[in-house]
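Here is a short note for a colleague opening this model for the first time. Please read the points with the structure in view.

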Amino acid sequence: MEAFSRNLVFFSCVIIVLVVTATAVRHNPHAKAPAVHVTSQNATETCGTGNPIDDCWRCDPNWMRHRRRLADCAIGFGRNAIGGRDGRYYVVSDPSDDDPVNPRPGTLRHAVIQDQPLWIVFKRDMVITLKQELIMNSFKTIDGRGADVHIANGACVTIQYVTNIIIHGLHIHDCKRTGNAMVRSSPSHYGWRTMADGDGISIFGGSHVWIDHNWLSSCSDGLIDAIMGSTAITISNNYFTQHNEVMLLGHNDSYTGDRVMQVTVAYNHFGEGLIQRMPRCRHGHFHVVNNDYTSWEMYAIGGSANPTINSQGNRFLASSNPFAKEITKRVVNPSDDKWRHWNWKSEGDMMLNGAYFVPSGRSAPASYTRASSLVAKPASMVGILTADAGVLYCRKGVRC
């Protein structure tokens, strides 16, 4: 189910005061967008859900004019990802992908390979079927707001050895294995690509990455994979559905370079038809906070190779299957009890229909310093925080 909910949750007496500097922004594309200030006063019109990302920008009916405000709204370990905030707009007008080595101007591939920062938007609704991996260059935002944009039925997105990427407002689904082909990664370089796994979004040695408000489903491998020392990542407000291995964070048990990894997984909805890896972690430090788990067929949160997992304020609803109540899974040999020393904790999580979390290691807060990226809200608020997970319905002149 795509998350096009238009819910506005009415907290007590909140109004919006816009600091109007729109004229400066209109004439200077590099000017910082005006801030939206939310103050408590007596009012009949309210805006705000308690979701700090959404409350940062969604209350503004002129969001289209102030698109770059989004870059100031990230939270968690990926909070410093600015994407293409300091660059010009690039409007994608052509959904084709005829030549991955010499992409046509106006296509998404032509936009993402450029060397300069770019804020990439879409002229109209489109389905983009990529012939080969979409290899992104640094300092790019792909912003699907205002259009119904699908990357589907072909290759999908690769973030490899680049930094400062924001991906927002896309439907990414039915991604296929591709490769054994030449693909351009910048205006000055193209090279041979071996077979790709068919991930929805593959982060390979990337940093300062924010993946927000997307809808992901039914890919050949993972929906989001982050490996090979990738770090400073936030995965937020996404809707995941109909998939087996949802999210892999860490390359393999022997690759210790992933010890630097810090990933925030927040305000996502793990929906219908999911089996495992929400996420599956290795080596690094992972903050799983205020997510909504509808169910899982094998497990929700798993890992190997001594990751630190801090689960806070999530809502876990187990299925009716009596053998799928445990949230956690340690991927170890049955005779190996080293996992008992791994730092995995559950704090303030809501366990429903028999769901249970098996903790291990130390429970002291100091043990989770590198796996703490934001203040968790009560699990009772998860329904509100994740009500609009997935792609938002955004049109000019009205709030998203």
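**Notes on the predicted model**

1. Start with Ala 305. Ala 305 is partly exposed, with a relative accessible area of 21%. The residue sits in the loop between E28 and strand E29 (308-312). Ala 305 is not a glycine, yet its phi is positive, about 65°. As background, most residues other than glycine have a negative phi.

2. Now the confidence. This is a predicted model. The average pLDDT of the protein is 90, and 88% of the residues score at least 70. Residues 1-45 need care: the pLDDT there is below 50. That stretch still has 97 contacts in the model beyond near neighbours in sequence. Where pLDDT is low, the predicted coordinates should not be read in detail. Please treat the contacts of residues 1-45 accordingly.

3. The overall make-up comes next. The protein has 33 strands and 4 helices. Of its 400 residues, 58% are buried. Take the contacts with a separation of 6 or more: 66% of them join residues 24 or more positions apart.

4. Asn 290 also has a positive phi, about 55°, although it is not a glycine. Look for Asn 290 in the loop between strand E26 (285-289) and E27. Is Asn 290 buried or exposed? Asn 290 is buried, because its relative accessible area is 0%, and the cut-off for buried is under 20%.

5. Check the peptide bond from Met 278 to Pro 279. This bond is cis, with omega near 5°. Most peptide bonds are trans. Pro 279 belongs to the loop between strand E24 (274-276) and strand E25 (280-282).

6. Trp 296 deserves a longer look. Its loop runs between strand E27 (292-293) and strand E28 (301-304). Trp 296 is buried, with a relative accessible area of 1%. Which residues does Trp 296 contact, leaving aside neighbours within four places in sequence? Among them are Leu 274, Ile 275 and Met 278. Phe 316, Leu 317, Ala 318 and Ser 319 are also in contact with Trp 296. So is the run Ala 324, Lys 325, Glu 326 and Ile 327, along with Ala 355.

7. For the backbone oxygen of Glu 326, the distance to a polar atom of the Trp 296 side chain is 3.1 Å. Asn 244 is 52 residues from Trp 296 along the chain, with 9.5 Å between their C-alpha atoms.

8. Asp 94 is placed in the loop between strand E3 (88-92) and helix H3 (108-112). With a relative accessible area of 16%, Asp 94 is buried. The side chains of Asp 94 and Arg 104 make a polar contact at 3.0 Å. Not counting residues up to four places away in sequence, Asp 94 touches Arg 104, Gly 106, Thr 107, Leu 108 and Met 126. Thr 107 is 13 residues from Asp 94 along the chain, and their C-alpha atoms are 4.9 Å apart.

9. Turn to the largest pocket. Its space is about 430 Å³. The lining has 23 residues, and those closest to the centre are Glu 133, Ala 196, Asp 197, Asp 199 and Ser 202. Two or more residues each come from strand E9 (157-160), strand E14 (201-204) and strand E17 (224-227). E9 gives the largest share, 3 residues. By class, the lining of this pocket has 8 nonpolar, 7 polar and 8 charged residues.

10. Last, the second largest pocket, with about 150 Å³ of space. Its lining includes Ile 135, Met 136, Asn 137, Gln 160 and Val 162. Strand E12 (181-186) and strand E13 (189-193) each supply at least two lining residues. Which strand gives the largest share of this lining? E13 does, with 4 residues. The classes here are 5 nonpolar, 6 polar and 1 charged.

How values were computed:
Residues numbered from 1 in each chain as written. Predicted model: local features only at pLDDT ≥ 70, side-chain atom pairs only at ≥ 80, totals over all residues. Heavy atoms only, no water. pLDDT = per-residue confidence, 0-100. Contact = heavy atoms within 4.5 Å. Buried < 20%, exposed > 50% of the residue type's maximum accessible area, 1.4 Å probe, protein only. Polar contact = N/O pair within 3.5 Å; in protein donor to acceptor, adjacent residues only side chain to side chain. 1 Å grid on protein atoms, 1.4 Å probe; cavity = no way out; pocket = protein on both sides within 12 Å on 5 of 7 lines; lining within 4 Å. Points joined across faces, edges and corners; volume = space filled by probe spheres on them. Nonpolar A, V, L, I, M, F, W, Y, C, P; charged D, E, K, R; others polar.
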